Amino acid sequence: MATVDGLPPLRDVIATHELVAKKSLGQNFLLDLNLTSKIARQAGDLTQCDVLEVGPGPGGLTRGLLAEGARKVLAVEKDSRAMAPLAEISAAYPGRLEVINADALEIDPLERLTAPVRIVANLPYNVGTELLVRWLTPPSWPPYWASLTLMFQREVAERIVAEPGSKKYGRLAILSQWRTTPRIVMELPPEAFSPPPKIHSAVVHLDALPAPRFEADPKVLERIVAAGFNQRRKMLRASLKGLTPDIEDRLTAAGIKPTDRAEQVPIEGWCALAREMVKG
Ligand code: SAM
């Protein structure tokens with residue numbers, strides 16, 4: 001049966017190129033091109049943007065991004081078996097798809113991209129959180145990307161958007177919400193993938209803010225948040241004691257009760273404490 005882009009259906013692509021899914025590479029493929037176009041649309045208007053896609057696999061989401069008008073897609077895929085099907089997509093969209101056969105954790109794709117850049121990916125679960133943290137902690141802000149539109153396990157997506165006071169609120173929420181506006185924009189059941197994973201998935205869209213919500217040194221903020229949530233059941237005066245002997249005074253000066261626990265402190269409070277920590 002013909003598809004919108006004239007390329008073969010994804011099931012045929014996978015059969016022709018013997019792309020049997022490998023668990024070690026986190027391969028759960030999306031085969032429905034209507035669904036991949038819908039995910040691509042969550043990233044916003046792509047027509048004036050370069051898109052970085054990590055883990056295109058047989059190219060379902062890649063085809064969605066190109067069909068939705070992405071100016072250029074730079075796709076980074078570790079599995080060399082996917083190079084042939086991706087070359088077919090490249091031929092169908094001349095000059096708009098560049099593929100790199102590499103580990104996304106090992107390369108810096110920046111020089112091949114022209115601003116504005118959006119990052120869109122159905123991430124391999126085993127590297128998804130690590131890539132997100134890297135994208136959220138660049139050497140300077142704003143980052144080279146304007147937005148991230150990423151598929152995660154639903155559990156991880158919920159941690160990214162979690163609010164203070166909830167069990168899921170922690171480092172990932174603070175890191176994400178300090179300098180972006182994250183939203184869950186789609187939820188997908190296991191059956192949407194081939195093979196189906198054991199868990200539900202969700203797409204999170206994060207728009208980069210031009211500047212952080214509240215002033216703080218990123219490294220100091222990261223250190224205090226890590227210490228606080230590593231012992232999240234303890235009161236802050238205990239969990240942060242190792243950072244400085246006068247932690248109770250600094251917590252109070254930041255407007256935080258020393259008897260509070262990490263999950264009770266909103267991002268504004270963490271940033272106020274980060275500023276107090278660097279005072280003499
Ligand atoms: N985007 C495709 C889709 O939606 O059907 C495939 C998604 S699958 C969940 C994850 C993809 O990431 C696989 O194609 C896998 O080979 C690739 N991958 C895994 N680890 C990677 C890494 N470190 N760097 C680049 N690609 C990777």
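How many residues of the shell around the ligand are nonpolar, polar and charged? The legends below begin with that shell.

Figure 1. The shell around the ligand divides into nine nonpolar, six polar and five charged residues. Here Ala, Val, Leu, Ile, Met, Phe, Trp, Tyr, Cys and Pro count as nonpolar; Asp, Glu, Lys and Arg count as charged; the others, Gly among them, count as polar. There are 20 residues around the ligand, and Leu30, Gly55, Glu77, Asp103 and Asn122 come nearest. A residue is near a molecule if one of its heavy atoms lies within 4 Å of it. This is a predicted model, in which local features need pLDDT of at least 70, side-chain atom pairs count only at pLDDT 80 or more, and totals for chains, interfaces and linings use all residues. Residues are numbered from 1 along each chain as its sequence is written, and side-chain values use heavy atoms, with hydrogens and water left out.

Figure 2. Strand 1 (29-30) and strand 3 (72-77) are the elements that give two or more residues to the shell around the ligand. Helices (H or I, at least four residues) and strands (E, at least two) are DSSP runs, numbered from the N terminus.

**Figure 3. The largest pocket, the space taken by the ligand.** A molecule sits in a cavity or pocket if more than half of its atoms lie within 2 Å of its grid points. On a 1 Å grid over the protein atoms alone, a pocket is an open set of points with protein on both sides within 12 Å along at least five of seven lines, while a cavity is a set of points where a 1.4 Å probe fits but cannot get out; lining residues have an atom within 4 Å of a point. The largest pocket holds about 430 Å³ of space. It is lined by 30 residues, and Leu25, Gly55, Glu77, Asn122 and Pro124 are the closest to its centre. Helix 5 gives the most to this lining, with four residues. The lining divides into 17 nonpolar, nine polar and four charged residues. A volume is the space filled by probe spheres set on the grid points, which are joined across faces, edges and corners.

**Figure 4. The second largest pocket.** About 320 Å³ of space lies here. Of its 17 lining residues, Asp108, Pro109, Arg134, Trp135 and Tyr144 lie nearest its centre. Strand 2 and helix 5 each supply at least two lining residues. Helix 5 gives the most, with three. The lining divides into 14 nonpolar residues, one polar and two charged.

**Figure 5. Two cavities of 30 Å³ or more.** The largest cavity has a volume of about 40 Å³. Its lining is Leu7, Pro8, Val13, Pro58, Arg63, Pro85, Glu88 and Ile89. Helix 4 (residues 83-92) provides the largest share, three residues. Six of the lining residues are nonpolar, none polar and two charged. The second largest cavity has about 30 Å³ of space. Val4, Asp5, Leu33, Thr36, Ser37, Arg63, Gly64 and Ala67 line it. That lining divides into three nonpolar, three polar and two charged residues.

**Figure 6. Cis peptide bonds and a positive phi.** Most residues other than glycine have a negative phi, and most peptide bonds are trans. Ala115 and Pro116 are joined by a cis peptide bond, with omega about -5 degrees. Pro116 is in the loop between strand 4 (97-101) and strand 5 (117-122). Another cis peptide bond joins Ser194 and Pro195, with omega about -10 degrees. Pro195 is in the loop between strand 8 (193-194) and strand 9 (201-208). Glu18, a residue other than glycine, has a positive phi near 50 degrees. Glu18 lies in the loop between helix 1 (10-16) and strand 1.
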